[in-house]
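Please keep the sequence and the three-dimensional view at hand while reading.

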Amino acid sequence: MEAIDALLSRKSSAMLEFPAPSQKEIQILLQAAVRAPDHCRLRPWKFLIVKNDAREALGDVMVEALKIRDPKATDAMLEKTRGKPLRAPLIIVVIAKIKEHPKVPNVEQILSAGAATQNIMIAAHALGYAGIWRSGAPCFDEHVRVSLGATGKDQIVGFLYLGTASKKPVLPTESMDEYIDYWTGAQKK
Ligand SMILES: Cc1cc2nc3c(=O)[nH]c(=O)nc-3n(C[C@H](O)[C@H](O)[C@H](O)COP(=O)(O)O)c2cc1C
């Protein structure tokens, strides 16, 4: 797929099934990821590949985290949480690995990891796959962070659910006008 076509036609899909990107295709996704802009070449990212039984282990971690956050969570809530990672055949967890740097504040490193994340989503789409970038409470949960190897100021940027779309997503039409202004000079106070 041409790059512009891929950019203009990507749409998230929450309903995903097999097949997932192969090991070789996962390498392509990650090579696309690390082409993201990165101030001072800090490489502020880690990509965790979660597939097969590891998805169940991730569900267990999310359940343990929910129990800590909400000791009153019902069995139904816990079972729903346990099943979340099974919603796709492949999950890539993107973690912004934050390094102290005199010229590169944390926010720039998180933005770099976010740009890497979007490169993965677009590359997956260009290869014929679909997915959805999810965060939710697990992204900001200390038990999940530690279980996934995030330390210090590291930030889980997202859980990328990837696979094949169960049904073809419909692209929305969008008016650009409200997002764009032509700036012609500083506003007078
Ligand atoms: C950082 C981030 C976190 C997100 N977290 C969630 C989420 O937890 N659950 C969800 O349904 N959508 C989440 N989204 C939104 C979807 O990824 C997606 O953008 C949205 O469903 C709109 O679909 P589209 O990308 O096709 O326009 C998140 C997006 C971003 C950028």
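Lys80 is found in helix 4, which covers residues 75-83, where helices are DSSP runs of H or I with at least four residues, strands are DSSP runs of E with at least two, and both are numbered from the N terminus. With a relative accessible area of 61%, Lys80 is exposed; exposed means over 50%, buried under 20% and partly exposed in between, for a 1.4 Å probe and protein chains only. Lys80 and Ala150 stand 70 residues apart in the sequence, and their C-alpha atoms are 24 Å apart in space.

The model is predicted, and local features need pLDDT of at least 70, side-chain atom pairs count only at pLDDT 80 or more, and totals for chains, interfaces and linings use all residues. Residues are numbered from 1 along each chain as its sequence is written, and side-chain values use heavy atoms, with hydrogens and water left out.

**Overall architecture**

The protein has 6 helices and 5 strands, and along the sequence these follow the pattern α-β-α-β-α-α-β-α-β-α-β. The C-alpha trace spans about 60 × 40 × 35 Å along its principal axes, and buried residues make up 39% of the 189 residues.

**Loop residues**

Asp154 sits in the loop between helix 6 (142-147) and strand 5, and Asp154 counts as buried because its relative accessibility is 5%. A polar atom of the Asp154 side chain lies 3.0 Å from the backbone nitrogen of Ile98; a polar contact is a pair of N or O atoms within 3.5 Å, and within protein one atom must be able to donate a hydrogen and the other to accept it, while residues adjacent in sequence count only if both atoms are side-chain atoms.

Pro19 has its place in the loop between strand 1 (16-17) and helix 2 (23-33), and the peptide bond that leads from Phe18 to Pro19 is cis, with omega near 5°. Arg41 lies in the loop between helix 2 and strand 2, and although Arg41 is not a glycine, its phi is positive at about 50°. Cys40 is partly exposed, with a relative accessible area of 34%, whereas Arg41, at 59%, is exposed.

**The ligand shell**

Which residues surround the ligand? They are Arg10, Lys11, Ser12, Ile132, Trp133, Arg134, Ser135 and Gly136, a residue being near a molecule if one of its heavy atoms lies within 4 Å of it. By class, this shell has 2 nonpolar, 3 polar and 3 charged residues, where Ala, Val, Leu, Ile, Met, Phe, Trp, Tyr, Cys and Pro count as nonpolar, Asp, Glu, Lys and Arg as charged, and the others, Gly among them, as polar.

| Residue | Protein atom | Distance to a ligand oxygen atom |
|---|---|---|
| Lys11 | polar side-chain atom | 3.1 Å |
| Trp133 | backbone N or O atom | 2.7 Å |
| Ser135 | backbone N or O atom | 2.9 Å |

On its own the ligand has 620 Å² of accessible area, of which the protein covers 52%; such areas come from the Shrake-Rupley method with a 1.4 Å probe, and for residues only the protein chains shown count as cover.

**Pockets**

The largest pocket has a volume of about 270 Å³. A pocket is an open set of points, on a 1 Å grid over the protein atoms alone, where a 1.4 Å probe fits, with protein on both sides within 12 Å along at least five of seven lines, and lining residues have an atom within 4 Å of a point. Grid points are joined across faces, edges and corners, and the volume is the space filled by probe spheres set on the points. Of the 16 residues lining the largest pocket, Lys11, His125, Tyr129, Ala130 and Pro169 are the closest to its centre, and helix 5 (106-126), strand 4 (130-134) and strand 5 (155-165) are the elements that give two or more residues to this lining. The lining divides into 6 nonpolar, 7 polar and 3 charged residues.

The second largest pocket holds about 170 Å³ of space, and its lining includes Met62, Arg69, Arg134, Ser135, Gly136 and Phe159. Helix 3 (54-69) and strand 5 each supply at least two residues of that lining, which divides into 5 nonpolar, 3 polar and 4 charged residues.
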